Amino acid sequence: MGHLSSMFNGLARSFSIRKGKSIGNGDGREAAEAMAKEAKKNDLILRSSGFVSVDGSKNFASVFSKRGEKGVNQDSFIVWEEFGCQEDMMFCGIFDGHGPWGHFVAKKVREWMPSSLLCHWQETLAQTSLDPDIDLESDKKHQRFNMWKHSYIKTCAAVDQELEQHRKIDTFHSGTTASTIVRQGEFIFVANVGDSRAVLAATSDDGDLVPVQLTVDFKPNLPEECERILQCKGRVFCLEDEPRVHRIWLPDEESPGLAMSRAFGDYCIKDFGLISVPEVTQRHITSKDQFVVLATDGVWDVISNQEAVQIVSSTADRAKAAKRLVESAAHAWKRKRKGIAMDDISAICLFLQSSPHTQEISHVSTPK
């Protein structure tokens, strides 16, 4: 079973060492949460504006968030280096909350998703390793992707169900998007729920840096999304003062008017077409792939994919790349959206190639 088998053995040892017993479903969840606590203690998890870089790792992540003009910052994010105690793995996630309790929902999904994903991935890896009908050596790439896709789908369903049962947060009229990336060696796995976006910067054959959009902005007017919503008796239309913004509505009420077709929470409209099922994709990283920008729609509403790639690539100091992109978006809001309250703006810039200058991990807290 090669690399996958050794990976499972190493992960299983990590889980067992932390719990001192064999892995069961409950133990797996507890062990994953214990890993998160240990990673945070060792400064491998970043949840505030700053940057993450570990000696010997190809990964370098720059993170920045700026509060908009609508109240509390409802964006949350996380970068977890050595995800699951695996030296070649990293988790990045960005979450854009909405509704009265949106900031609490975004933080809860940020808290639960990495550990839940780690637990489900460990379980899937164990089941796959023990299945005599699966030949891991014959198609490693395909099997690896299937394991992550299966793990992500189970994770999103579990997180959404847990949110619904949460007694202290009102998730009936509040929710969050979630766009996440797992880097595992020379592969990245992207899972998207909502309208945040991941864009890769890749070097073309003629040497230019070009954007490659890795995710779909799940808006209610997309044909497949709209069809599902209408089949579930939901409605999709624009308000007169927002002719280009399609929203999802209840059958008989002018509510809630969500501008995305997939989200966690928002249980008032979950029976009418809104879903939390992620789109999961993978990409094999080559030397031409330079960095990925993971950002909320506060960036993409005013900055194009090409502009984002140009801004990040022209920033000499990688640690300041996300801040420069966010500040550029803030200026663009003032220029392009006069009279409209600026949205919260957050971005993670994940650099995929080694930098000649190595730096230690740094956490730089900034006002939200």
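Okay, the loop between β4 and β5: that's where E82 sits. This is a predicted model, by the way, so everything I quote is computed from it.

The peptide bond from S255 to P256 is cis, with omega near -5°. And P256 itself is part of a strand, β13.

Now, β13 takes us to the pockets. The largest pocket has a volume of about 1100 Å³. There are 36 residues lining that pocket, and the closest to its centre are K70, R247, A259, D297 and D301. Which elements each supply at least two residues of that lining? They're β5, residues 89-98; β12, 246-249; β13, 256-258; and α6, 297-300.

Two or more lining residues come from each of α2 (25-41), β4 (75-81) and α3 (102-130). So who gives the most to this second lining? It's α2, with five residues. By class, the lining of the second largest pocket splits into six nonpolar, six charged and one polar.

Last stop, a helix pair. Two packed helices are described by the angle between their axes and the distance between the axes. For α7, residues 305-313, and α8, residues 321-336, the axes come within 9 Å and cross at roughly 135°. Angles over 145 would count as roughly antiparallel, and 65 to 115 as roughly perpendicular, so α7 and α8 end up oblique to each other. On handedness, α7 passes α8 in a right-handed crossing.

And which residues make the contact? From α7 you've got E307, A308, I311 and V312, and from α8 it's A321, R324, L325, S328 and K336. Sorted by class, the contact of α7 with α8 has five nonpolar residues, three charged and one polar.

That's my tour, so over to you.

Notes. Residues are numbered from 1 along each chain as its sequence is written. This is a predicted model: local features need pLDDT of at least 70, side-chain atom pairs count only at pLDDT 80 or more; totals for chains, interfaces and linings use all residues. Side-chain values use heavy atoms; hydrogens and water are left out. Axes are lines fitted to C-alpha atoms, for helices over the stretch in contact, and angles run from 0 to 180 degrees between N-to-C directions. Helices (H or I, at least four residues) and strands (E, at least two) are DSSP runs, numbered from the N terminus. Angles under 35 degrees count as roughly parallel, over 145 as roughly antiparallel, 65 to 115 as roughly perpendicular and the rest as oblique. A crossing is left-handed if the near helix is turned anticlockwise from the far one by less than a right angle, and right-handed if clockwise. Contact means heavy atoms within 4.5 Å. Ala, Val, Leu, Ile, Met, Phe, Trp, Tyr, Cys and Pro count as nonpolar, Asp, Glu, Lys and Arg as charged, and the others, Gly among them, as polar. On a 1 Å grid over the protein atoms alone, a cavity is a set of points where a 1.4 Å probe fits but cannot get out, and a pocket is an open set with protein on both sides within 12 Å along at least five of seven lines; lining residues have an atom within 4 Å of a point. Grid points are joined across faces, edges and corners, and a volume is the space filled by probe spheres set on the points.
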